[in-house]
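Please load the model in a viewer and keep a selection panel at hand.

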Amino acid sequence: MNNPQLNKHGELQHLLSTEGLPVRIMRDILDRASTFLSPGSHEIDKIPLLHGKSVFNIFFENSTRTRTTFEIAAKKLSADVVNLNIGASSTSKGETLLDTVDNLCAMHADMFVVRHSSSGAAHLIARHVAPSIHVINAGDGRHAHPTQALLDMFTIRHYKKEFHNLTVAIVGDVLHSRVARSQIHALTTLGVPEVRVVAPKTLLPTQVEKLGVRVFHDMGQGLKDVDVVMMLRLQNERMQGALLPSAQEFFKYYGLTQERLAQAKPDAIVMHPGPMNRGVEIDSSVADGSHAVILPQVTFGIAVRMAVMSMLAGVSA
Amino acid sequence: MNIQIKNGHLIDPGNKIDAVQDVFIIDKRIAAIGKAPQGFVAAQVIDASGLVVMPGLVDVAARLREPGYEYKATLESEMSAAVAGGVTSLACPPDTDPPLDEPGLVEMLKHRARALNQCRVFPVGALTTGLDGAELTEMIELSEAGCKAFSQADAALTDTRVLLRAMQYAATFGYRVWLRPQDSFLAKNGVAHDGEVATRLGLPPIPVVAETIALATMLQLARETSVTLHICRISSADAVDMIRTAKREGLKVTCDVSMNHVHLTEMDIGFFDANCHLLPPLRSQRDRAGLRAGLFDGTIDAICSNHSPVDDDAKQLPFAEAEAGATGLELLLPLVLKWADQEKVPLLHALSRVTSNPAQLLGQKMGHLSVGAHADICIFDPVASWKVEPGALKSQGKNTPFNGYEMQGRVRYTLLDGQLVFQP
């Protein structure tokens, strides 16, 4: 089966998933992202790499952080940015996803940044558009959120330098999480020897171990001697599907507190893709504490998204 | 008209014939096999040298989409697809719009089909009104209108008391009940087998237990009611085991599998190929092996196309939102041949799964070429290979997971009631 993300020369054509993304491309993206950050200050200058290109952010599902950071990234690259919060508006008028895309193509889009509630939506669009148009998956259903995972990898590399000696724990609602799936593929691709998932059985998908992870149901054991703790957001509606009894009970057993974090290595970092539910999956003292790198993640996200966009546009930094 | 089919390799599973024999047709029926009847003068001779002559295929599940879904397919388009695939009899599930829950609808469908005179159509009546799983349909009336079995198609019947009573009522009059086992709670919102692929792609899952729990309920109620129960479209190895055990203990139960599940697994979904969005979902390799074993040992009685033409617009959507189903009538025979070839199953044995066996499920004296039987015949070239190209299919549905596959076995002639209804 052809890798739908690569062109016939093995170059990145679309960014749809971290699964099947070659390690050389992954490292290229991280290297390129670091060139956009001024050392020390983490300031990002505006550069004209995407001058004259049109980037369309099409969000069929709400997002503040991801859409904003994509917008900033595109603007830093001097692209023209169009934001479309389609939500239910266009589709509720009966327009299909691909009709919407065709219309935007007719407006001379060069790049689509797509978020959709259905797994595989970005793949569908990528298969449909002309070869000159690039698609970036900004989250599709439970499937993938590759730029989030790449910015997480950037963050880990920033603090830990290498991947081959790390133990990483991903904690929480893996079942519904596109972030977790993309993190797992990225971590295993980059050579992290031990990736753990920590959650009750109701929040883990079937045969999750086939993704190359070790499964833990006990938070203390799961965090033991880890270098990186990656927390996942727990959505309130999970309580309704009989997946969990209550947010309180979840926090009691799987919430990240100072006490639990003490199980990890002393220099462990704590990450979260946001938005956080304080007191549900993470205690405020940890979220605001010295191990947390949650805000740098956001800044790095801009650089990583710049790297992806410029690479897709085929321009060298 | 008198027809002689000459020099063909006759394979008639119902009569256990597997030999080069001529077939003689007088008017609409088989007049003789092997030797011409006295005074027989052929008005037409079909030279079947190098070809296989078999009873026309009987497909226990083919959606014609009428009434209500004519934008997906019509009787005209799908019956021409049927005969192009050598299918001369088919049963259509009741999930039309409105569902086949009234005698008038059934009569209309039968009348339309008869007028087209291509393929025999056996409507399966709705078990409950509107397929809503609450009230029984007028089964006697529907039966008199031509329904050979009663079913919920893919609609849920969650109320086990309604299911029990439906079986009791059907059993009273000796009607067949055809059910696809799926627990609607466990399958809720699901679109793919609960396994490695659904986990990787983040697709809402349908676990195997959704099938086996519903099946256990059905088998238990069948024991209770002595109804003639047919289990439709099983998809898992566990379900095969359960039915094998039930048959051994003497329960009146039969079952079928769709050709898609004989050949494909969850892996074929690849990168969200909506053509592989099927009901039930494609399962694991272990399940496929179990289904093949069940087909071989006779636990599974029939292979059907589960023909479900879907319009392009309904497939050009993200996987979970795309409508489930695949076109199939024209692929049924080559896919049965492919299975037989891969598993080294003799054709006499393999072809019974699409002729004599499904005919029995419908309670019809057909699916064989006995003297006096309707001359419904399929003649195919067993070595002709061809590539599946959706545009070349006669069905209005172009959606198939076998797009681009190489097939072996091509229909050359289809006869219905001694009349040539298809020739490419």
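Which residues in helix 4 of chain B meet which residues in helix 6 of chain B? Select B:Thr160, B:Leu163, B:Leu164, B:Met167, B:Gln168 and B:Ala171 in helix 4, which meet B:Thr217, B:Leu221, B:Ala222 and B:Thr225 in helix 6 of chain B. Contact here requires C-beta atoms, placed from the backbone, to lie within 7 Å.

The model is predicted, so local features need pLDDT of at least 70 and side-chain atom pairs count only at pLDDT 80 or more, whereas totals for chains, interfaces and linings use all residues. Residues are numbered from 1 along each chain as its sequence is written, and chains are lettered from A and ligands numbered from 1 in the order in which they are written.

**First stop: the helix pair in chain B**

Helices (H or I, at least four residues) and strands (E, at least two) are DSSP runs numbered from the N terminus. The crossing of helix 4 and helix 6 of chain B is right-handed, that is, the near helix is turned clockwise from the far one by less than a right angle. Colouring this contact by class shows 6 nonpolar, 4 polar and no charged residues (Ala, Val, Leu, Ile, Met, Phe, Trp, Tyr, Cys and Pro are nonpolar, Asp, Glu, Lys and Arg charged, and the others, Gly among them, polar).

**Second stop: the whole of chain B**

Chain B has 13 helices and 21 strands. Its radius of gyration, taken over C-alpha atoms, is 21 Å, close to the 22 Å that the globule rule gives for 424 residues, so chain B is as compact as a globular protein of that length; the rule is 2.2 Å times the number of residues to the power 0.38. Buried residues make up 59% of chain B (buried means 20 or more other C-beta atoms within 10 Å, exposed 12 or fewer, partly exposed in between, with C-beta atoms placed from the backbone).

**Third stop: between the chains**

The contact takes 19 residues from chain B and 24 residues from chain A. On the chain B side, helix 5 (residues 196-201) gives the most, with 4 residues.

Now select B:Pro318, in the loop between helix 10 (312-315) and helix 11 (332-343) of chain B. Is B:Pro318 buried or exposed? With 26 C-beta neighbours inside 10 Å, B:Pro318 counts as buried. Among the residues that B:Pro318 touches are A:His116, A:Ala121 and A:Leu124.

Helix 4 (residues 97-106) and helix 5 (residues 121-128) of chain A pack at about 50 degrees, with their axes 11 Å apart. Their crossing is right-handed.

To finish, display chain A as a whole, with its 12 helices and 9 strands.

Definitions and conventions
Axes fitted to C-alpha atoms, helices over the stretch in contact; angles between N-to-C directions. Contact = placed C-beta atoms within 7 Å. Lists of a residue's contacts leave out its neighbours within four places in sequence.
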